Amino acid sequence: FTMDNVTGADPRQKISPQDLCRACHLDPSEENCRNCPYNSGTSPPSFKQRADDRGVEPECITTGVMSDGTRLVFSGLERSGGIITFDATDPKDIQYQDFLNVRNWRTAPEDLTEFASPDFWLNDGPESLIFISKQDSPIGVELLAACTPLAGQLTLYMITRGPPREDDGSCATTASCPYIAASEGGEGSAFISVCEVAQGEDIRKSFGCDGAVGTRGTTSSDDDDHQDLTITVISLIIVICIVAVLSLIAAIVFYYCGKKQGYELATVGEGAMIGVVTNGSIKPADTKASTSEQKKPVASQVSVG
């Protein structure tokens, strides 16, 4: 096992699906190695930048026991990014398992302008790792928590069995990166539903998952959202109808009451339909006064009754 294997310079594992170091490996030159992240601590890459320092600099390490008894060792590489996994069940025969680097190397011109924010750097520089057992996991699967201060992120990795990787999982550019949503300029294919990975009946119920593990399937939460929306629309229609009916009834009542009252007042005299403002207060007009008296101006302000 050599560091060349870890950093992807070995042709058995590429750096990113685009194989950023292939040209440099086959024909080393300044141009061919310009975007090769081998021993680089920055993005865009600086080829062999760390060769005269401490290399990729393993910064943190932790261990964890899987539910089947397998003891794993995880080491985070601060400078190049990425996490190496070893099987240390037998300390005398430690076996390399995996190297995953969820990092954006930002080799495209637009990565230096439109996507220059650290939000697009992803998990470069892990400095702390914590193993979370299956029993303590919120999704019923072993997890590894990684803190990457430069990017300001805390990431949870799910630990599962799988075939060897063809590449280290890193991104050559923001546009090709599956860990960045398409709405933010990435490729976005790595985004999944929690129902595709959560295990355990109670845990899946807590997330509203319905269906087999490993499939997006239908989620009761989706059904509930649809049902809630339907109920809300129906309730709104009912409320509108009730308000409309009550308004119509009130309008009819007010109309007939007003018509009756207006007729009675009109028979007494024209001035009976107004109130007189006296010293700031409203007083009803005297309905017993004669018509001729009510027609006399009694105040400068009136309020229609």
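Predicted model: local features only at pLDDT ≥ 70, side-chain atom pairs only at ≥ 80, totals over all residues.
**View 1. Disulfides of the protein.** The model contains four disulfides. With bonded cysteines counted along the chain, their pattern reads 1-4, 2-3, 5-6, 7-8. C60 and C147 take part in no disulfide.

**View 2. The disulfide between C21 and C36.** The sulfur atoms of C21 and C36 lie 1.9 Å apart and form a disulfide. This disulfide is right-handed because the torsion about its S-S bond is about 95 degrees.

**View 3. The disulfide between C24 and C33.** C24 is joined to C33 by a disulfide with an S to S distance of 1.9 Å. A torsion of about 85 degrees about the S-S bond makes this link right-handed. C24 has a relative accessible area of 7% and is therefore buried, the limit for burial being under 20%. C33 is likewise buried, at 6% relative accessibility.

**View 4. The disulfide between C195 and C209.** In this pair, the S to S distance is 2.2 Å. The link of C195 and C209 is left-handed, with -85 degrees about the S-S bond. Distant parts of the chain are connected here: C195 is in the loop between β7 (153-158) and α3 (201-206), and C209 is in strand β8 (residues 209-210), 14 residues apart. C195 is buried, with a relative accessible area of 2%. C209 also counts as buried, at 11% relative accessibility.

**View 5. C60 and C147, cysteines in no disulfide.** For C60, the nearest cysteine sulfur is that of C147, at 9.0 Å. For C147, in turn, the nearest cysteine sulfur is that of C60, 9.0 Å away. The surroundings of the two residues may be described separately. C60 counts as buried, at 10% relative accessibility. C147 is partly exposed, with a relative accessible area of 32%, because this value falls between the limits of 20% for buried and 50% for exposed.

Notes
Residues numbered from 1 in each chain as written. Heavy atoms only, no water. Disulfide = S-S within 2.5 Å. Buried < 20%, exposed > 50% of the residue type's maximum accessible area, 1.4 Å probe, protein only. Helix = DSSP H or I, 4+ residues; strand = E, 2+ residues; numbered from the N terminus.
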